[in-house]
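Please have the sequence and the model at hand.

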Amino acid sequence: MNSSCPRVVLDTNCMISALLFSHGVLAQLRTLWQEKKFVPLLCPSTAKELIRVLCYPKFKLSPEDIQEILKDILPWAEVVELSLSPTEVDYLHHLKDPKDTDFILLSEQEKVSALVSGDKHLLELRPHASVSIMLPMEFIELLSGTSPIQC
């Protein structure tokens with residue numbers, strides 16, 4: 001993979017929308033990662049969260065369905081071990097939803113190009129974060145306005 005390819009953390013809601021709703025705006029994220037415009041970054045805890053949410057009854061997905069859905073992300077994703085401690089990120093005390101901690105830690109540890117989220121608790125951290133926290137449409141527009149990046 002080329003080092004110029006942006007590495008990006010997508011929160012669970014963005015990932016779910018990209019994977020499950022083929023006609024939604026966020027489905028463009030799936031197209032962009034499959035076209036190698038960016039590399040989605042996961043760690044074991046964020047991957048586990050993705051699988052947990054895919055198992056929600058409202059989605060009515062069988063284990064086989066979930067396996068098929070994961071084939072739309074895992075070949076393009078990079079999975080890293082999370083080693084950064086919450087005590088090492090000074091602005092985490094501003095985070096109102098502790099379930100979002102690992103997305104921040106992963107973003108900070110890996111110095112990603114962006115953390116993409118529509119979650120208001122994550123977006124509230126924009127003034128404090130050292131990584132760019134972007135709305136999905138901001139990220140899509142940013143990538144769409146650039147020349148293709150080969151990874």
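In this predicted model, Thr12, Met15, Ile16, Leu19 and Leu20 of H1 meet Glu49, Leu50, Val53 and Leu54 of H3. Contact means heavy atoms within 4.5 Å. The residues of this contact divide into 7 nonpolar, 1 polar and 1 charged.

Local features need pLDDT of at least 70, and side-chain atom pairs count only at pLDDT 80 or more, while totals for chains, interfaces and linings use all residues. Residues are numbered from 1 along each chain as its sequence is written, and side-chain values use heavy atoms, with hydrogens and water left out.

**Terms for the helices**
- Helices (H or I, at least four residues) are DSSP runs, numbered from the N terminus.
- Axes are lines fitted to C-alpha atoms, for helices over the stretch in contact, and angles run from 0 to 180 degrees between N-to-C directions.
- Ala, Val, Leu, Ile, Met, Phe, Trp, Tyr, Cys and Pro count as nonpolar; Asp, Glu, Lys and Arg count as charged; the others, Gly among them, count as polar.

**H1 and H3**
- The axes of H1 (residues 12-20) and H3 (residues 44-54) come within 10 Å and cross at roughly 55°.
- That makes H1 oblique to H3 (under 35 degrees is roughly parallel, over 145 roughly antiparallel, 65 to 115 roughly perpendicular, and the rest oblique).
- Their crossing is right-handed (the near helix is turned clockwise from the far one by less than a right angle; anticlockwise is left-handed).

**H3 and H4**
- H3 also has H4 (residues 63-70) beside its axis: the two axes come within 10 Å and cross at roughly 135°.
- H3 is therefore oblique to H4.
- This crossing of H3 and H4 is right-handed.
- Leu50, Ile51 and Leu54 of H3 make the contact with Ile66, Ile69 and Leu70 of H4.
- By class, that contact has 6 nonpolar, no polar and no charged residues.

**H2 and H7**
- H2 (residues 27-34) packs against H7 (residues 136-144) at about 40°, with the axes 10 Å apart.
- So H2 is oblique to H7.
- The crossing of H2 and H7 is left-handed.
- Gln28, Leu29 and Leu32 of H2 meet Phe139, Ile140 and Leu143 of H7.
- This contact has 5 nonpolar, 1 polar and no charged residues.

**The largest pocket**
- The largest pocket has a volume of about 340 Å³ (the space filled by probe spheres set on the grid points).
- A pocket is an open set of points on a 1 Å grid where a 1.4 Å probe fits, with protein on both sides within 12 Å along at least five of seven lines; lining residues have an atom within 4 Å of a point.
- Of its 18 lining residues, Thr12, Glu49, Arg52, Asp100 and Phe103 are the closest to its centre.
- H1, H3 and H5 (101-110) each supply at least two lining residues.
- H3 gives the largest share, 5 residues.
- The lining has 5 nonpolar, 4 polar and 9 charged residues.
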